[in-house]
Each structure stands twice: as structure tokens, then as C-alpha cells.
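I opened my notebook to get to know this structure step by step. Here is what I looked up, in the order I went.

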Amino acid sequence: MDFKEAKRKKDRGMSNEEFLDMLKKELIDAKAIAVVALQGDDRVINSYTTQDDSFQVLGLYQVGIDQTLSTMRESRLNT
């Protein structure tokens with residue numbers, strides 16, 4: 001594990017590799033996958049999908065946004 005991965009593990013509790021390994025088992029049989037990543041020191045945002053259906057991809061991203069906002073609201077209510 002290189003320095004950046006070790007720092008991620010310390011800061012977030014797991015490295016990117018560990019995170020992806022954890023999700024791989026859950027997502028291996030998924031009908032569609034959408035991933036957004038902030039990459040590199042230049043902070044470029046890239047998205048990756050297993051679908052060519054633009055509406056389905058947008059729906060996946062919107063559900064992800066809704067779930068994240070819900071988690072943020074719940075977290076705020078519990079503090």
C-alpha cells in the first residue's frame with residue numbers, strides 16, 4: 001500500500017482498494033452500476049457506467065443524491 005492509500009485508510013477507515021473489494025461482492029450481479037470518482041491532484045471528476053441508457057444512468061445518480069441527502073438529514077437530526 002502506497003502513502004496515499006495509507007492516508008486514505010487512516011482518514012476514512014479503509015483504502016480505495018478495500019472499499020472496492022467490499023462492494024465487488026455486492027455489485028457483481030447488479031443490473032446497472034454508476035460510479036463517480038474524484039481523481040488525482042488536479043481533482044478531475046469522472047463517471048463510469050455499465051449502461052448506455054442515459055435515462056437509467058441519470059436515475060441512478062439521482063437516487064444516489066437523494067440517499068446521500070437523506071443520510072445527511074438523519075445525521076444532522078441525531079446530533
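Before turning to the strands, I noted what pairing requires: two strands pair if DSSP finds at least two bridges between them. I also kept in mind that this is a predicted model.

**Entry: the strands.** I looked up β1 (residues 34–39) and β2 (residues 44–49), and found them paired in the antiparallel sense over six bridges.

Entry: How do α1 and α2 pack, and at what angle? I found α1 (residues 3–12) and α2 (residues 16–27) at about 70 degrees, their axes 8 Å apart. Angles of 65 to 115 degrees count as roughly perpendicular, so α1 and α2 are roughly perpendicular to each other. I listed the residues in contact: E5, R8, K9 and R12 from α1, with N16, E17 and E18 from α2. Sorted by class, this contact of α1 with α2 has six charged residues, one polar and no nonpolar.

Entry: I traced α3 over residues 54–77, which makes 24 residues. From first C-alpha to last, α3 reaches 35 Å, close to the 34 Å expected at 1.5 Å a residue. Which residue caps the N-terminal end of α3? I found D53 there, with a side-chain oxygen 3.0 Å from the backbone nitrogen of F55.

Key: Residues are numbered from 1 along each chain as its sequence is written. This is a predicted model: local features need pLDDT of at least 70, side-chain atom pairs count only at pLDDT 80 or more; totals for chains, interfaces and linings use all residues. Side-chain values use heavy atoms; hydrogens and water are left out. Axes are lines fitted to C-alpha atoms, for helices over the stretch in contact, and angles run from 0 to 180 degrees between N-to-C directions. Helices (H or I, at least four residues) and strands (E, at least two) are DSSP runs, numbered from the N terminus. Angles under 35 degrees count as roughly parallel, over 145 as roughly antiparallel, 65 to 115 as roughly perpendicular and the rest as oblique. Contact means heavy atoms within 4.5 Å. Ala, Val, Leu, Ile, Met, Phe, Trp, Tyr, Cys and Pro count as nonpolar, Asp, Glu, Lys and Arg as charged, and the others, Gly among them, as polar. The expected span of a helix is 1.5 Å times one less than its number of residues. A polar contact is a pair of N or O atoms within 3.5 Å; within protein, one must be able to donate a hydrogen and the other to accept it, and residues adjacent in sequence count only if both atoms are side-chain atoms.
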